[in-house]
Amino acid sequence: MADPLRSRRGPRDGPGAPSLTEAGRPLDPARLLDRLAGEPLVRDIVLLESTGSTNDDARRLAADGAAEGLVVVAGRQTGGRGRLGRAWHSPPGVGLYLSIVLRPARPSSESTRWAIAAAAAACAACRALGAPAATVKWPNDVLASGRKLAGILVEARTAGASLADLVVGIGLNVSHAERDFPPDLRIPATSLRIESGASVGLERAAAEWLRRFGPLHRMLAAAQWDPVADAWLALAPAARGARVRFAAPGAAGSDLERGVTDGLDPSGALRIRRDDGSFSLVRDAESVVAWEP
Ligand code: BT5
């Protein structure tokens, strides 16, 4: 991990600091904590100018005993990760790359609930930050006009059947221009700036997410799933009533079935009603190969 700045002051504060508008300025931990006044989730912030992956850093700190509420945030990532070994493109200065350590005393089978909560909070934050048409695609992509605005990566460490700790990472495209994205993304990408034309600062983006995620996390930690699922469903129009083609668990790779989405089960899996009235539960995004209008 490179150069942690644990202080609550940003690296550019003080005399001689460059005068920058909030957009384009590095995230400042003190200003982020000010913005979070009244939201108790964040206890400490590790700010890194550059790192491999904030999720890796947060997992290491969690394994070393970091308390719930430790946030790792970086100006850029050289090895930003998505799910299944995929990369998260993390150029300097334009994106939010943030991970938080959580320690809910819950069964490990519930870890996907936190991905659902984090995605709902990210989508609601994006709506508040100038992308009013943002929606969630199951389980945890935030899209605007079919382009990806944010992604969530939840990684759990277990102790027996319980969660030892959870690291929830968010990558949110804030002030990218079109040219800042690589051409070969699976889903085209977008940013808050592209969606709204307006400038959003990284602290504001982080605060909007954390202020929404905090209450959802506390509900899940208190075993309250329904309000979190409802918050997510309200932002995920394709999660109910959309025709899909999907691979049922255990099916051979090319063996696809058709059905209609029917919300979430309590583990966060997508329920799909087949045309014959039976149900299937899908647990990984790759099993749903086509969302039909
Ligand atoms: C995700 O994975 O969407 C989860 C991304 C989580 C990133 C955060 S950043 C802070 C923390 N530290 C980390 O190392 N990770 C977390 P997935 O659903 O697997 O999507 C990955 C796919 O999204 C890639 O294969 C690309 O096609 C696409 N992609 C990569 N970078 C992107 C970007 N900046 N914007 C939009 N799409 C992107």
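Trainee: OK, what is the average pLDDT of the chain?
Mentor: This is a predicted model, and the chain averages a pLDDT of 90. Of the residues, 90% score at least 70.

Trainee: And where does pLDDT stay under 50?
Mentor: Over residues 1-21. The model has 43 contacts beyond four places in sequence for that stretch.

Trainee: On to the sheets. What is the strand order in the seven-strand open sheet?
Mentor: The order is β1-β2-β3-β7-β6-β5-β4, and the pairing is mixed.

Trainee: Which strands stand at the edges there?
Mentor: β1 (44-48) and β4 (135-137). Each has a single partner strand, so one side of each is left without a neighbour in the sheet. On average, neighbouring strands of this sheet are turned by 20° against each other, direction ignored.

Trainee: How many bridges join β3 to β7?
Mentor: Eight, between β3 (residues 95-102) and β7 (residues 162-173), and the two run antiparallel. If you want a pair to click on, I100 has V168 in β7 as its bridge partner.

Trainee: Which helix lies across β3, β4, β5, β6 and β7?
Mentor: That's α3, which runs at about 150° to β6.

Trainee: What angle do α3 and α5 pack at?
Mentor: About 145°, with their axes 8 Å apart. For your selection, α3 covers residues 111-128 and α5 covers residues 202-221. Their crossing is right-handed.

Trainee: Which residues make that contact?
Mentor: On the α3 side they include W114, A117, A121 and A125, and on the α5 side they include W209, F213, L216 and L220. By class, the contact of α3 with α5 has 14 nonpolar, one polar and four charged residues.

Trainee: Changing topic: what is the order of the five-strand open sheet?
Mentor: It goes β11-β10-β9-β8-β12, with antiparallel pairing. The edge strands are β11 and β12, each pairing on one side only. Neighbouring strands of this sheet are turned by 40° against each other on average, direction ignored.

Trainee: Can you walk me across it?
Mentor: Start with β8 (residues 240-246), which pairs with β9 (residues 257-264) over five bridges. There, R243 stands opposite V260 in β9. Next, four bridges join β9 to β10 (residues 270-274). In that pair, G259 has R274 in β10 as its bridge partner, and L264 stands opposite L270. Then four bridges join β10 to β11, where R271 stands opposite L281.

Trainee: What about the turns? Which residue takes a positive phi in the hairpin of β9 and β10?
Mentor: G268, with phi near 95°. That hairpin has five residues between the strands. The hairpin of β10 and β11 has four residues between the strands, and there G277 takes a positive phi near 95°.

Trainee: Which residues other than glycine have a positive phi?
Mentor: One of them is L84, with phi near 55°. L84 lies in the loop between β2 (70-74) and β3. Another is S145, with phi near 45°, and S145 is found in the loop between β5 and β6.

Trainee: Is L84 buried or exposed?
Mentor: Exposed: the cut-off is over 50% relative accessible area, and L84 has 64%. S145 also counts as exposed, at 60%.

Trainee: Last one, D284. Where does D284 lie?
Mentor: In the loop between β11 (279-282) and β12 (288-292). D284 is partly exposed, with a relative accessible area of 36%. The C-alpha atoms of D284 and S191 are separated by 25 Å, and the two residues are 93 apart along the chain.

Definitions and conventions: Residues are numbered from 1 along each chain as its sequence is written. This is a predicted model: local features need pLDDT of at least 70, side-chain atom pairs count only at pLDDT 80 or more; totals for chains, interfaces and linings use all residues. Side-chain values use heavy atoms; hydrogens and water are left out. Two strands pair if DSSP finds at least two bridges between them. pLDDT is the predictor's confidence in each residue, from 0 to 100. Contact means heavy atoms within 4.5 Å. Axes are lines fitted to C-alpha atoms, for helices over the stretch in contact, and angles run from 0 to 180 degrees between N-to-C directions. A crossing is left-handed if the near helix is turned anticlockwise from the far one by less than a right angle, and right-handed if clockwise. Ala, Val, Leu, Ile, Met, Phe, Trp, Tyr, Cys and Pro count as nonpolar, Asp, Glu, Lys and Arg as charged, and the others, Gly among them, as polar. Buried means under 20% relative accessible area, exposed over 50%, partly exposed in between (1.4 Å probe, protein chains only).
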